[in-house]
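Let's take a walk through this structure together, one region at a time. Keep the viewer open as you read.

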Amino acid sequence: MTTPESAYVARTLVILNPAAGQVPAERTRRLLGGAFAVRGAAFDLVETAGAGDAARLAREAVARGYRAVAAAGGDGTVAEVISGLAGSSTPLGIIPQGTANQLAFNLGVPSELERAVAVVVHGTPGAVDVGQLADGRYFALMAGAGWDAQVVSAATREQKDRWGFGAYLYAGLRSALALPSARFRITADGQGFEVHAATVLVANVGSLLSGLIPTPLQIAPDASFRDGLLDVCVFAPRSLGDVTALLWKLARRRYAADRRMLYLQAREVRVESEPPLATQLDGDPAGLTPLVARAVPGGVRVLL
């Protein structure tokens with residue numbers, strides 16, 4: 001009788017989000033099949049149909065003993081797969097198929113499908129920090145409350161299919177004409193303070209818009225996915241001109257002497273707001289504040 005371990009130990013489970021990115025799912029399936037076949041690597045392919053599927057499928061893959069689980073989708077899909085793998089020894093592979101694919105860029109995973117599959121097949125697992133919300137969900141990039149979450153919600157699936165990352169730029173410019181502002185109460189490792197701001201990010205990695213613009217934005221000066229800390233980034237622009245100035249400073253990595261930016265690091269963070277504001281988790285809407293997160297050092301092993 002074949003045991004689950006012997007049946008799956010040499011196989012990779014690929015979890016494909018057919019709604020991610022702009023490439024038709026049928027074409028992605030063909031490309032994946034060819035990329036694994038040419039390397040003589042055994043794999044199984046499953047597709048998600050809704051929220052939570054990727055996490056459930058990843059947990060089932062761990063129980064069956066797959067050698068690795070690869071997320072073929074965007075940053076939100078990767079975050080869900082991490083929620084299913086966190087705490088296990090099963091490594092994560094990333095096959096970037098989303099609109100922005102920022103985690104892949106931060107970790108140095110190739111954006112081309114063929115090269116990404118090569119990393120899944122031949123890569124070496126490395127421990128990477130993740131963040132975890134109070135409800136158990138994980139994130140690899142960042143969680144946020146305020147303006148950033150508003151932009152994420154405003155970029156529709158139809159717009160992303162048509163314009164790609166341009167959908168986020170369009171939503172960002174529209175909302176920048178009437179920037180939201182709220183009173184946030186931030187508690188970091190037990191120490192609390194209040195501030196008026198447009199958005200608060202709780203970041204696990206530091207670089208945004210990598211591969212999408214000539215100069216990526218390093219949103220926090222000391223952000224690292226291997227330091228066991230979360231970076232709290234508070235941004236308080238009051239006009240479109242302020243937004244432009246902040247983006248310029250981030251692109252040039254100039255963080256000091258600007259009252260529109262505030263940074264700190266912590267292992268546990270709670271973000272409350274008045275009024276309650278939308279939140280996002282690795283580019284997907286995640287409900288309303290309060291946002292409660294903690295760092296999980298080495299929480300997932302990633303094939304790099």
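Predicted model: local features only at pLDDT ≥ 70, side-chain atom pairs only at ≥ 80, totals over all residues.

The pocket holds about 220 Å³ of space, and its lining includes Leu-179, His-196, Arg-238, Asp-242 and Arg-260.

Asp-242 leads us on to helix 10, where it is one of the buried residues, along with Val-243, Leu-246 and Leu-250. These four cover an arc of only 100° around the axis, which puts them on the same side of helix 10. The helix runs over residues 240-251, twelve in number, and its 17 Å reach from first to last C-alpha is close to the 16 Å expected. After helix 10 comes Arg-253, with a positive phi near 60°.

Now for the charged pairs: the whole structure has 14 salt bridges. In one of them, Arg-11 and Asp-44 bring their closest N and O atoms to 2.9 Å. Arg-11 sits in the loop between helix 1 and strand 1, while Asp-44 belongs to strand 2, so this pair ties together parts 33 residues apart in sequence.

Arg-183 and Glu-194 also form a salt bridge, at 3.1 Å from N to O. Here strand 8 supplies Arg-183 and strand 9 supplies Glu-194, so the linked parts are eleven residues apart in sequence. Both partners are partly exposed, Arg-183 at 36% relative accessibility and Glu-194 at 45%. Finally, we return to Asp-242, which salt bridges with shared partners join with Lys-249, Asp-258 and Arg-260 into one network.

Note on methods:
Residues numbered from 1 in each chain as written. Heavy atoms only, no water. Helix = DSSP H or I, 4+ residues; strand = E, 2+ residues; numbered from the N terminus. Expected span 1.5 Å × (residues − 1). Buried < 20%, exposed > 50% of the residue type's maximum accessible area, 1.4 Å probe, protein only. Arc of directions from axis to C-beta. 1 Å grid on protein atoms, 1.4 Å probe; cavity = no way out; pocket = protein on both sides within 12 Å on 5 of 7 lines; lining within 4 Å. Points joined across faces, edges and corners; volume = space filled by probe spheres on them. Salt bridge = Lys/Arg side-chain N within 4 Å of Asp/Glu carboxyl O.
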